[in-house]
Amino acid sequence: MAHEVPALPYDYAALEPHIDEQTMHLHHDKHHQAYVNNLNAAIEKHPDLAKHSAEDLLRNINSVPEDVRTTVRNNGGGHVNHSMFWAIMKPKGGGEPSGPIADQIKKDFGSFEDFKKQFNDAAAKQFGSGWGWLIWDGKLKVITTANQDSPLMQGHFPILGNDVWEHAYYLKYQNRRPDYLAAWWNTVNWDEVNKRFAQAKK
Ligand code: MN
């Protein structure tokens, strides 16, 4: 079974005004689809890879045959990262976190405001394309990765991540990445983030 782009769980315009409809169309239908197409093409060359989930391919990236390893890293990463990204956003999202993730954020960062500041600073400073992440490593930590590298490749489960590739924000925010980062919090689906936090701790 070939990998597929998951349907958006809301309308393309549903994250307006924080993320515009045109960006969502291009990002989901073109960029994510391209990652999936490239991943599937790599797997066609090595059909034994088809039995693994994209997540497992990333966790064991060094076991992927060398001739397709970079392709799987970039495009498997792109597929997994974006599948998470659509799911952790929702219309009328944002606000203060609730549930276990809210308590853990207080414990590890002092406050939600301090966490957001650390996350936004790190994501703003990521040079070029990449992602800002909240990961679980016995405690919550903010990290960044370049390109489509996934925290799974470092043995860490991504609880929440924001895409800072220019394709994620340039149509609406142009060069103002910090404005995009600030607005993005209004889309976060904290129920989904709590589910991922529970998964991370397993
Ligand atoms: Mn993207």
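Student: In what sense do β1 and strand β3 (residues 157–163) pair, and over how many bridges?
Tutor: In this predicted model, strands are DSSP runs of E with at least two residues, and helices are runs of H or I with at least four, numbered from the N terminus. Two strands pair if DSSP finds at least two bridges between them. In β3, Gly 161 is the bridge partner of Trp 133. β1 and β3 pair in the antiparallel sense, over 6 bridges.

Student: Why is strand β1 (residues 130–136) largely enclosed by the rest of the structure?
Tutor: Buried means under 20% relative accessible area, exposed over 50%, and partly exposed in between (1.4 Å probe, protein chains only). Gly 130, Gly 132, Leu 134 and Trp 136 point one way, Trp 131, Trp 133 and Ile 135 the other way, and all are buried. β1 is therefore largely enclosed, its buried residues being 7 of the 7.

Student: Which residue in β2 is the bridge partner of Ile 135?
Tutor: β1 pairs with strand β2 (residues 140–146) in the antiparallel sense over 7 bridges. The β2 bridge partner of Ile 135 is Lys 141.

Student: Which residues coordinate the manganese ion?
Tutor: Donors are N, O and S atoms within 2.8 Å of the metal (3.2 Å for Na, K and Ca); water is not among the atoms, so sites may look incomplete. At 1.9 to 2.1 Å, the manganese ion is coordinated by His 27 (NE2), His 82 (NE2), Asp 163 (OD) and His 167 (NE2).

Student: How many residues apart in sequence are the parts that His 82 and Asp 163 tie together?
Tutor: Both His 82 and Asp 163 are buried. Because His 82 lies in helix α3 (residues 66–87) and Asp 163 in strand β3, the pair ties together parts whose separation in sequence is 81 residues.

Note on methods. Residues are numbered from 1 along each chain as its sequence is written. This is a predicted model: local features need pLDDT of at least 70, side-chain atom pairs count only at pLDDT 80 or more; totals for chains, interfaces and linings use all residues. Side-chain values use heavy atoms; hydrogens and water are left out.
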